[in-house]
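This report describes the fold, the nonpolar core, the aromatic pairs and the salt bridges of one protein model. The sequence and the coordinates are shown first.

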Amino acid sequence: HTRLTDVTEFRRVLFRSRDAMKKLDNKDVKIIDIALSVGFESLSTFNRAFKQVTGITPSSYRSRDQEA
């Protein structure tokens, strides 16, 4: 289980997640491709880090517009 205790690592994940949030608006791009493009090595690592930063998974973030 990854803990974001190091401030530098947290900032890196925060910026990667912010970049990912912009890319998630493009529903034509697969989430794994977004994860790799912002610097994560796997989908599971990306999902975990994104959820720690935003409180929701990337797929939940992407589908948020459909719920409204």
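## Basis of the description

A residue is called buried when its relative accessible area is under 20%, exposed when it is over 50%, and partly exposed in between, with a 1.4 Å probe and protein chains only. By this criterion, both Phe50 and Tyr61 are buried.

The model is predicted, so that local features need pLDDT of at least 70 and side-chain atom pairs count only at pLDDT 80 or more, while totals for chains, interfaces and linings use all residues. Residues are numbered from 1 along each chain as its sequence is written, and side-chain values use heavy atoms, with hydrogens and water left out.

## Overall architecture

The protein contains five helices and zero strands, and its elements follow the order α-α-α-α-α from the N terminus. Helices (H or I, at least four residues) and strands (E, at least two) are DSSP runs, numbered from the N terminus.

Of the 68 residues, 24% count as buried. The accessible surface is about 4700 Å², and carbon and sulfur atoms account for 49% of that surface; accessible areas come from the Shrake-Rupley method with a 1.4 Å probe, and for residues only the protein chains shown count as cover. Contact means heavy atoms within 4.5 Å. Among contacts between residues at least 6 apart in sequence, 55% join residues at least 24 apart.

## Nonpolar core

In soluble globular proteins, nonpolar side chains tend to be buried together. A nonpolar core is defined here as a set of buried Ala, Val, Leu, Ile, Met, Phe, Trp, Tyr and Cys residues joined through side-chain atoms within 4.5 Å. The largest such core has 12 residues: Val13, Ala20, Leu24, Ile31, Ile34, Ala35, Val38, Phe40, Phe46, Ala49, Phe50 and Tyr61. At least two residues of this core come from each of helix H1 (7-24), H2 and helix H3 (43-54).

Several contacts can be listed with residues up to four places away in sequence left out. On that basis, Val38 touches Arg16, Asp19, Ala20, Lys23 and Phe46. Ser17, located in helix H1, is buried with a relative accessible area of 0%, and its partners are Ala49, Phe50 and Val53. Met21 is also found in helix H1 but is partly exposed, at a relative accessible area of 24%. The partners of Met21 are Phe50, Thr54 and Tyr61. The C-alpha atoms of Met21 and Thr54 are separated by 9.6 Å, although the two residues are 33 residues apart along the chain.

## Aromatic pairs

A pair of aromatic rings is described by the distance of the centres and the angle of the planes. Rings of Phe, Tyr and Trp (its six-membered ring) pair if their centres lie within 6.5 Å; planes under 30 degrees apart count as stacked, over 60 as edge-to-face and the rest as tilted. The whole structure holds three aromatic pairs. One of them joins Phe40 and Phe46 in a tilted arrangement, with 5.2 Å from centre to centre and 55° between the planes; both residues are buried.

Phe50 and Tyr61 form an edge-to-face pair, because their ring centres are 5.8 Å apart and their planes are at 70°. Phe50 lies in helix H3 and Tyr61 in helix H4 (residues 58-62), so this pair ties together parts that are 11 residues apart in sequence. Phe40, Phe46, Phe50 and Tyr61 form one aromatic cluster.

## Salt bridges

Side chains of opposite charge can pair when their charged atoms come close. A salt bridge requires a side-chain nitrogen of Lys or Arg within 4 Å of a carboxyl oxygen of Asp or Glu. Two salt bridges are found in the whole structure. In one of them, the side chains of Glu9 and Arg12 meet at 2.8 Å, N to O. Glu9 and Arg12 are separated by about one helical turn, because they are three residues apart in helix H1. Glu9 is partly exposed at 27% relative accessible area, and Arg12 is partly exposed at 39%.

Asp25 forms a salt bridge with Arg64, with the closest N and O atoms 3.0 Å apart. Asp25 lies in the loop between H1 and H2 and Arg64 in helix H5 (residues 64-67), so this bridge ties together parts that are 39 residues apart in sequence. Asp25 is partly exposed, with a relative accessible area of 42%, and Arg64 is partly exposed at 28% relative accessibility.
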